[in-house]
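Please look through the sequence and the three-dimensional model below before reading on. The paragraphs that follow lead from one part of the fold to the next.

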Amino acid sequence: MRTLCLNFKSPQESSCAEAFLTFSPKVQFRFPHFVFIDIESTAHLLGGEVACLEKALQIARKFSAETSAAIADTPPVAQMMAKWKPSSISLKGQEAKSLQGLGLDALKDLEGLVTWTQKRQIEHVISFAHSLGICTLEEVYNFRLVSLRERWGDFGVLLWNRLHSQDSQVISPFIPRDPLVGYGYLDDPIGVVNLLFNRIQPHLNILFARLNGLARYAQKMEVILHCEYSDKKHILQIEPVSASRDQMLFEDLLWKRMEKTELENPIREFEITIYDVPEKVQQLNFFEPRDNSEDRWRRLISFAKQANCEMGFLQLEANHFPEKSFKLVTEWPEDFVSEDLVERQDNALQIKTTYAKGLAQSPRPSLLLEQPQPLSDEELRKIRFVSALPSERIESSWWQLTEQELKYRDYYFALSNQGQLLWVFQDRMSTQYYLHGYFD
């Protein structure tokens, strides 16, 4: 077994182990601040043990900036190295070399998944060794099993087994049970948005690290700010257009909401809850970047939605009336491929973008006015009709409900003085001309 040990050096919740499930399903938390990961069968998928160590430290330091780590064959030696030889990796089958240069105090950290039942016993071993003039771990390593058994009984056997990689400690698969919630209490109430946000952000780092380890998406985030001088509380609900693990998106949306929140009554405590849903996409690589055009689009849509702004893709609709020829959709088109078409002709290149390629085949413009604009005689003289005959004739059918909805229109292509291609129609009943849209 190859074990990666993380020493957070400050008390943690057992739920912190969830953040490391991307490394292996075999993860175990040991009170008060250790996490052990069995990477024997997964290290090669993650780019090797060095990459595992670096990535694990990067995640762990979201929980505690002072975290140290090491890799060894067994949990006891991995824990000892995490403290006394941080960021080191013991070669497989050569744990004895990892003991070189260590003093006897390192024996106190030779525990792994099971702590020393009585610290007094290991301190007695250290004291006895010092009385014999033994000062290094290598010298204790050379003690015979029978000698340790005679002197300290079962405890001596356990010590010898841990020094010689014979203590069987199996890391079991981790089963997540804790909800994705965070809580913070402020000794000094805060009424300034940026200061409060800075206190909330570390909790978001932890929650999204756990979310990533669980391979789940955040559907919604709820932040409750409890005021100091009353029972009043601010409930901020953040819900992008689609579930994601984009922490920056949730932070930006939360910041925008907090900016609009009056904090005259300062905040004493806060609660954070993330409502998660299953992951939608298959993860092909543990560390592959997930930020793509679709993710950036969803991010933009989420900001627009929170600002009560409507935006999206124009989708062609088969409809008789121009006002209903296009439909605004916010979902990323499944068949959308943002690759430009390159045409070669006479040793020259012409690049035609595929964005709005459907509109290029449409005889109707995508930029329609909400209400057709009547054209005066003077405005009519300033434009030039491309043809004398209409390009399209639209007539309402007999099933229209009211006379106001009846439409008899002849549509023309026209050019403005600025070279804009216009879409103009004449109402055949009133003979009035109207500007209805522009070709993009």
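Across which strands does helix H2 lie, and at about what angle does it run to E4? Helix H2 (residues 75-84) lies across strand E1 (3-7), E2, strand E3 (34-38), E4 and E5, and its direction makes an angle of about 145° with that of E4. Helices here are DSSP runs of H or I with at least four residues and strands are DSSP runs of E with at least two, both numbered from the N terminus, while axes are lines fitted to C-alpha atoms, for helices over the stretch in contact, with angles running from 0 to 180 degrees between N-to-C directions.

Before going further, a word on the basis of the description is in order. This is a predicted model, in which local features need pLDDT of at least 70 and side-chain atom pairs count only at pLDDT 80 or more, whereas totals for chains, interfaces and linings use all residues. Residues are numbered from 1 along each chain as its sequence is written, and side-chain values use heavy atoms, with hydrogens and water left out.

Taken as a whole, the protein has a secondary structure of 12 helices and 19 strands. Of its 440 residues, 41% are buried, where buried means under 20% relative accessible area, exposed means over 50% and partly exposed lies in between (1.4 Å probe, protein chains only). Among the contacts in the protein with a separation of 6 or more, 63% are between residues 24 or more positions apart, a contact being heavy atoms within 4.5 Å.

The sheet that H2 lies across is an open one of five strands, in the order E2-E3-E1-E4-E5 and with mixed pairing; two strands pair if DSSP finds at least two bridges between them. Strand E2 (27-30) and strand E5 (88-89) stand at the edges with a single partner strand each, so one side of each is left without a neighbour in the sheet.

Strand E1 has five bridges to E4, to which it runs antiparallel, and Leu6 has Ala69 in E4 as its bridge partner. Five bridges also join E1 to E3, again in the antiparallel sense, with Asn7 partnered by Phe34 in E3. Five of the five residues of E1 are buried, so the strand is largely enclosed by the rest of the structure. In a regular strand the side chains alternate between the two faces of the sheet. In E1, Thr3, Cys5 and Asn7 point one way and Leu4 and Leu6 the other way, and all are buried.

Towards the edge formed by E5, strand E4 (residues 68-72) pairs with E5 in the parallel sense over two bridges, and Ala70 stands opposite Ser88 in E5. Helix H2 is itself mostly covered, with eight of its 10 residues buried, including Pro75, Val77, Met80 and Met81.

The next topic is the packing of helices against one another. Two packed helices are described by the angle between their axes and the distance between the axes. For helix H8 (residues 193-213) and helix H9 (residues 247-259) the angle is about 155° and the axes are 11 Å apart. H8 and H9 are therefore roughly antiparallel to each other, on a scale where angles under 35 degrees count as roughly parallel, over 145 as roughly antiparallel, 65 to 115 as roughly perpendicular and the rest as oblique. The residues that make the contact include Leu196, Phe197, Ile200 and Leu204 of H8 and Phe250, Leu254, Trp255 and Met258 of H9. By class, this contact of H8 with H9 has 10 nonpolar, four polar and two charged residues, where Ala, Val, Leu, Ile, Met, Phe, Trp, Tyr, Cys and Pro count as nonpolar, Asp, Glu, Lys and Arg as charged, and the others, Gly among them, as polar.

Among the residues in contact are Leu148 and Trp152 of H6 and Phe155 and Trp160 of H7.

Strand E17 (residues 408-415) pairs with E18 in the antiparallel sense over seven bridges, and Phe413 stands opposite Trp423 in E18. E18 also pairs with strand E19 (residues 433-438), in the antiparallel sense and over five bridges, with Leu435 in E19 as the bridge partner of Val424.
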